[in-house]
Amino acid sequence: ATQEGRYYLSCDRVQWEEVHPFGVETTSTKNILVVSGTWILTGYSEGFAYSSDGRHWNRTSYPVNEGDYSCSPTDDIVQFEGIWIWRFLRDCSYKYTKKGLVFDSEETGSYRETVLFATQSLDSPWSRWEGTPNLPEGMEVDALRALPGHHSLLIFCTYNWIYGNDKKKTELEPAVKYFVPGKGWRNCTWEGRMNQGSGVLVTRMADHLLCFGSNELFRATKAYEWSRDKDSISVRDAFHLENMSVFWHTSHSKLLLSQDGRTFADLTLEDGCWNYLCANDQGLLSVYSPNSHETWLRTGRWRVQPQH
């Protein structure tokens, strides 16, 4: 994708063809996702574009009424139990008392409440999902993630700091919750506090789950019980290949390679600025800038040597 809203597809990283996810429109995208084998391009308005092959595209409907500016979409789109779930943020107000020198006043503040919309198929209308979490006042959802290989979801929650300040509440603990079909959201057992935010990455290797936060790694074999790893690891993305998994480090200039999710080998990239990196069994693809004056699309191949 280019900044001008043009899109190109390649099967070999050498020959490229232009595709038109948004029809004749020239529309910039916020993010490119692959969810359960479906390509998704999220935009800044209306519904996102989706495709099963990268060539033939459709656009999903938008679940919010036109002109409703109190509700805005996120890029949290997951598939769970055969349905698609899309996370939105809606303005939610609260009352608090502001102390004055002579008189106190009743004030109104707001925070971002999460609303989940669901559909059986991306070409069908969306409706509010019955599993939308009912959280305490002031608590916001930073991220929604599906758990690979488990019939569950995770949400990472923190309290809005302005809400805590307005309400004079100092001990508002964050929470990580998992979803149980038919029973709703329950608190996870989470060893320690996680610096989470919207960049949290959840994936699976072998029989265990991995959750990467800001310089932290948590592990689990069950959706509800997580323990902190002794090593501090921070990654931007994960790519599972046939014989190994590739984790792109947040430094942008290093890859972590693993076959079991427990031990990681470092692969340092050439000096320069690496952005929008992705990997598959063919090799690597990245926007690379060796200096401030040059930028190009760079590819690389894997060279695997067996150990003797």
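The side chains of R145 and D76 come together in a salt bridge, with N and O 3.0 Å apart. R145 belongs to strand 11 and D76 to strand 7 (residues 71-80), so this pair ties together parts that are 69 residues apart in sequence. Both partners are out of the solvent's way: R145 is buried, and D76 is buried too. As you look at these contacts, please keep in mind that this is a predicted model.

## Salt bridges elsewhere in the chain

Side chains of opposite charge can pair when their charged atoms come close. Here the count comes to 13 salt bridges.

One of them joins E137 and K167, whose closest N and O atoms are 3.6 Å apart. This pair also links distant parts of the chain: E137 sits in the loop between strand 10 (127-128) and strand 11, while K167 sits in the loop between helix 1 (161-166) and strand 13 (175-180), 30 residues apart. E137 counts as partly exposed because its relative accessibility is 35%, a value that falls between the 20% limit for buried and the 50% limit for exposed. K167 is partly exposed as well, with a relative accessible area of 25%.

Another salt bridge pairs K230 with D231, and their closest N and O atoms are 3.3 Å apart. K230 is exposed, at 75% relative accessible area, whereas D231 is partly exposed, at 35%. Some salt bridges share partners, and in this way D76, R87 and R145 are joined into one network.

## Around S152

Let's turn to a serine. S152 lies in the loop between strand 11 (139-146) and strand 12 (153-159). Is S152 buried or exposed? With a relative accessible area of 5%, S152 is buried, because buried means under 20%.

Which residues is S152 in contact with, leaving aside its neighbours within four places in sequence? They are F80, A146, L147, Y178, F179 and A223.

Y8, W16 and L297 make a nonpolar surface patch of about 290 Å². Of these residues, W16 is found in the loop between strand 1 (7-9) and strand 2 (17-19). W16 is partly exposed, with a relative accessible area of 37%.

Technical notes: Residues are numbered from 1 along each chain as its sequence is written. This is a predicted model: local features need pLDDT of at least 70, side-chain atom pairs count only at pLDDT 80 or more; totals for chains, interfaces and linings use all residues. Side-chain values use heavy atoms; hydrogens and water are left out. Patches are made of residues with over 30% relative accessible area and no salt bridge: like charges are joined within 9 Å, nonpolar side chains (Val, Leu, Ile, Met, Phe, Trp, Tyr) within 5 Å. Accessible areas come from the Shrake-Rupley method with a 1.4 Å probe; for residues, only the protein chains shown count as cover. A salt bridge is a side-chain nitrogen of Lys or Arg within 4 Å of a carboxyl oxygen of Asp or Glu. Helices (H or I, at least four residues) and strands (E, at least two) are DSSP runs, numbered from the N terminus. Buried means under 20% relative accessible area, exposed over 50%, partly exposed in between (1.4 Å probe, protein chains only). Contact means heavy atoms within 4.5 Å.
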